[in-house]
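Hi there,

Here is the structure I promised to pass on to you. Have a look at it first, and then read on for what turned up.

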2 protein chains.
Amino acid sequence: MSTQNTQLNPAQIQAEAAADGQSALQVTQSLKSHSLAFIEDAGAGIRVPVTEISLEPSPNGRPNKPFRTYRTAGPGSDPVRGLQPFRSEWIAARADTEPYTGRQRNLLDDGRSAVRRGAASAEWQGGQPVPRRAVDGHTVTQMHYARQGIITQEMRFVALRENCDVELVRSELAAGRAIIPSNINHPESEPMIIGKAFLVKINANIGNSAVTSSIAEEVDKLQWATQWGADTVMDLSTGDDIHTTREWIIRNSPVPIGTVPIYQALEKVNGEANALTWEIFRDTVIEQCEQGVDYMTIHAGVLLRYVPLTANRVTGIVSRGGSIMAGWCLAHHRENFLYTHFDELCEIFAKYDVAFSLGDGLRPGSTADANDAAQFAELDTLAELTQRAWEYDVQVMVEGPGHVPFHLVRENVERQQELCKGAPFYTLGPLVTDVAPGYDHITSAIGATEIARYGTAMLCYVTPKEHLGLPNKDDVKTGVITYKIAAHAADLAKGHPGAHERDDALSKARFEFRWRDQFALSLDPVTAEAFHDETLPAEPAKTAHFCSMCGPKFCSMRISQDIRDEFGSAEAQAALAGVASGMREKSEEFLAAGGKVYLPEPRVPAES
Amino acid sequence: MSTQNTQLNPAQIQAEAAADGQSALQVTQSLKSHSLAFIEDAGAGIRVPVTEISLEPSPNGRPNKPFRTYRTAGPGSDPVRGLQPFRSEWIAARADTEPYTGRQRNLLDDGRSAVRRGAASAEWQGGQPVPRRAVDGHTVTQMHYARQGIITQEMRFVALRENCDVELVRSELAAGRAIIPSNINHPESEPMIIGKAFLVKINANIGNSAVTSSIAEEVDKLQWATQWGADTVMDLSTGDDIHTTREWIIRNSPVPIGTVPIYQALEKVNGEANALTWEIFRDTVIEQCEQGVDYMTIHAGVLLRYVPLTANRVTGIVSRGGSIMAGWCLAHHRENFLYTHFDELCEIFAKYDVAFSLGDGLRPGSTADANDAAQFAELDTLAELTQRAWEYDVQVMVEGPGHVPFHLVRENVERQQELCKGAPFYTLGPLVTDVAPGYDHITSAIGATEIARYGTAMLCYVTPKEHLGLPNKDDVKTGVITYKIAAHAADLAKGHPGAHERDDALSKARFEFRWRDQFALSLDPVTAEAFHDETLPAEPAKTAHFCSMCGPKFCSMRISQDIRDEFGSAEAQAALAGVASGMREKSEEFLAAGGKVYLPEPRVPAES
């Protein structure tokens, strides 16, 4: 395994900068200390991109070695052309898939406005990949390979990325405790793993609605979200151009893409839940499998008999997918077709390696409704469906709430882990109070940290606009950074190997007044630097040995440095350890040896 | 006990609006549904201000009664004149205090620039209260009265405010498990209680430094902070005009004011920690007692022998007070004078009812240093000092960290509660990771919720500028709202009586598409409304039965309403309960009775 460094491709940066004044890549460029580097396994032909942060030397002149960190931004792409399909070779080499003539383009996939116009508002002009599927009789999921004892390139990539043994990756996949969402039709994506033995991941939702936004904006949000650290992105579009927006997103996405296919199916029937059929849904799923969606939220646990359990809730059913299916069940007086056709879905997903994200359509929409009969009844069914998917070697994660008061959060993940035999839990927050619309990234990050600490594998972000409107670009960034905080805090709390290294590096930089390093090591260097500059804008202040809180005359950090100079040596510490354990003689030795180092006086209570 | 409503005084609003384009009172006025109301105990002559939020009727026409909530903003004041000293009568009536000629004004109290100019930059022109102190032989602390079995007006006020029995207030005070910070020289303040049996409180820090800000700005921050819900405010000024800034703040503050007197003492000796003496410190404490400071942070636990324990920390000593005292100890090779003179401090505090906030000068400044020997050694000493203060009937709270990874947070409060026999814990966050400067209001709110859940009584806010600069007005608001979230989430998690009522009222409003009520009930109505208006700005959208997330055509809340209409009745629920428990007959009865109400089909697993 070797490593290699490279600066970002200037042509890419220029293209981006021209397209968007506030582009993700430009911001990275402004952080001169950040560069794209690679960890390579040359033997296997794998290189994993990481962000390398160069650091200044300490005040004592000692160099600080560059800090390398997990990178989700990918190599960067020109949105019009998309990313290189670098996984295609791996997929082809397994010789268990075949190209085929996919489903025909149907303008209704993009909604009625596309039908009227004869095109989507901005057709995808990049490469037109030919869809692949498993050869008959084959299953092409990472779970399947893992269970056969096969180590795939995807698993090797993930092991390098997580800095762990590849056998851990394989065994967790085989047991269903982790997934690598990796549709064979999304060969542009960099393999990543979701499971509680690995780093906690975060998802960012994007997508248009009937009321707002354009395709270009959504691609921009994708790049922006992955730039700041989103591990997966869900395209939750519900407006026009759903198919084409998704095409642009997938072709440009270095991270797995998730969807909720019932949203598009609903658009195809003019928004009338009653008009939905299994056939329309199935066709939509195939459409999305062929495009390369990596995981799909399927609300198959909203059973007819559970619907009345929500009637006296404070906030009923708040999941859109859940209420669509509840509405359908009510209208037809029949069982949820996602449940009755679940095995067919498993057969389809097994052909493309699409992972289930089993939707919690009955999740609580208020703290009053948390952990109630409806929610837990659905969870029982999700556990049953997990087992069924595993019979097909299809990868599964299970979605969780929602709104849950802090003391009830832990029960959610422990119950899910037990019932679903360790299948990765993927939760939306949860929000620990309902009283702060406008700040629900915060109310939910509190619950997210708690639930991830006890085993949630991926956290779905919540932005400040939750409950109020669709997130703009600033909201996406705030949501992502806030969830990076929750995920990282949980990694620290779990004692995940190496998680503390970034904290320690930043704290050391802070203590040594290496301001630029403090910014560079932070989750959002741009904001850290801007906040600093508000009160001490001059460039020299970035190397000043004080800050605006105390001013130049008094500085606690400086006093601490004096203490370290005096007591920090190994000899001084050894002697002090002697004092601490009451060994008077040792302390006298130390005193005798001491020069300017002194010992504390014994405390005389009468003196006080 | 009766209640009474009043609109805000228009003269006050005008004065404010003229002084500041973005004043606190203006914002309140813009929320037409918010008004100042009072809960009265006419017999005792007490009225407690509350904020009353009027609500619209539900869509079914049923009225929603106004929601009343705890209010920290006070009655509002003209900053130039200050607030009415409404507690003066109560204090005088106890006949255990006397007015006296206080300490002479010394221009150095305001720093060298005031000495040069012959005045502070903006002298206090309002009333010049004559200081009071206990008559010789008397102790005038709320703890003293409580231990004597006396119910004071302050206790009655607090019981009304917390909606609890006054005997709970008295007994918690007597046991030292709660404090009412209430210097007899701050008669403008509305009594509030800090203790784990009561609502979790939050503190906001304000104050200038050598680098920034003016007196007017600090008074504005005070009003702004209490407007948004700060329960106490600490004036941490370290620059010019310290005495006079504090005078303006106290005379205008409806909440208790805390300080760290060592900061001012240090200014008096030109910033040279070595030059500090007990006499200068004592004089500063008396100055502040006479002005009306309600609680003071005293770093008496930083013992000489603990200092070396910090030498090999990642971030040494980060508390300013802690490092000042450590610096002094090192310079003189003597024990901390705050420790050796602690009993004298107790005698002084007992004469004015100033509460100790025992500072944690050795708190960890990075997650790496959390729960270490230095921190816990100091806590042992703080426990000892708590007992000593209680011997003088002086009220005490104990300060806590700082930076602590999430899984180590709980140990902090449990250890403090055990060692300090339930004395209120008052913590700064803690921050659960070091990697997010610019977002430390969030990293710390996560830790704050956890630590408050297990018994921390008051949370000191952290603003987005922590580690980077001094907070401006926006930062103060963000810090306060974020900490209201943490405190309230902890109240919910503790099952504090009534805490869930606001969540339930807001969730009900949300479910019923009463947008204006959702805004009005939120912790920050201004931001909630602004975010909503970004995507759906038109006034009709505030009553629209949909939102920008799903658009007008599909709405999960509407489907839920349909479910409720169908299944929500008591009869339907009773029948469904029968089904749920397998009582087939009952369900058939229900079917027979049913009209359009249907029963779910029994699930047939073979059907799937």
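**The second largest pocket**

This is a predicted model, and its second largest pocket has a lining of 50 residues, with Phe67(B), Arg68(B), Thr69(B), Tyr70(B) and Leu199(B) lying nearest the centre. Several elements of chain B give two or more residues to that lining: the helices α2 (24-30), α6 (153-162), α8 (215-228), α18 (473-493) and α19 (500-511), together with the strands β2 (34-41), β3 (46-53) and β4 (67-70). The element that gives the most is α6(B), with five residues. The space in this pocket comes to about 1,400 Å³.

**How the two chains sit together**

Chain B can be superposed on chain A by a rotation of 180° with a shift of 0.0 Å along the axis, and the RMSD is 0.0 Å. The two copies are therefore related as by a two-fold rotation axis. Which C-alpha of chain B is nearest the axis? That of Ile446(B), at 2.4 Å from it. As for the interface, 100% of the interface residues of chain B are also interface residues in chain A, so the copies meet through the same surface.

**Salt bridges**

Over all chains, the structure holds 76 salt bridges.

Are the two partners buried or exposed? Arg68(A) has a relative accessibility of 28% and counts as partly exposed, whereas Glu52(A), with a relative accessible area of 12%, is buried.

Next come Glu154(A) and Arg94(A), whose side chains meet in a salt bridge at 2.7 Å, N to O. Glu154(A) is in helix α6 (residues 153-162) of chain A, while Arg94(A) is in the loop between α3 (88-93) and β5 (97-99) of chain A, so this pair ties together parts that are 60 residues apart in sequence. Glu154(A) is buried, and its relative accessible area is 0%.

In chain B, have a look at Arg105(B) and Glu123(B), which form a salt bridge through their side chains at 2.9 Å, N to O. Arg105(B) lies in the loop between β5 (97-99) and α4 (112-117) of chain B, and Glu123(B) in the loop between α4 and β6 (132-134) of chain B, so the pair ties together parts 18 residues apart in sequence. Both partners count as partly exposed: Arg105(B) at 40% relative accessibility and Glu123(B) at 24%.

There is also a network in which salt bridges with shared partners join Arg103(A), Asp109(A), Arg246(A), Lys268(A), Asp283(A) and Glu287(A).

**One more residue**

Finally, a word on Thr284(A), which sits in helix α11 (residues 278-291) of chain A. Thr284(A) has a relative accessible area of 0%, so it is buried. Leaving aside residues up to four places away in sequence, Thr284(A) touches Pro261(A), Gln264(A), Ala265(A) and Lys268(A). Lys268(A) is also one of the residues in the salt-bridge network.

Terms used: Residues numbered from 1 in each chain as written. Chains lettered and ligands numbered in written order. Predicted model: local features only at pLDDT ≥ 70, side-chain atom pairs only at ≥ 80, totals over all residues. Heavy atoms only, no water. 1 Å grid on protein atoms, 1.4 Å probe; cavity = no way out; pocket = protein on both sides within 12 Å on 5 of 7 lines; lining within 4 Å. Points joined across faces, edges and corners; volume = space filled by probe spheres on them. Helix = DSSP H or I, 4+ residues; strand = E, 2+ residues; numbered from the N terminus. Least-squares fit on C-alpha atoms with pLDDT ≥ 70 in both. Contact = heavy atoms within 4.5 Å. Salt bridge = Lys/Arg side-chain N within 4 Å of Asp/Glu carboxyl O. Buried < 20%, exposed > 50% of the residue type's maximum accessible area, 1.4 Å probe, protein only.
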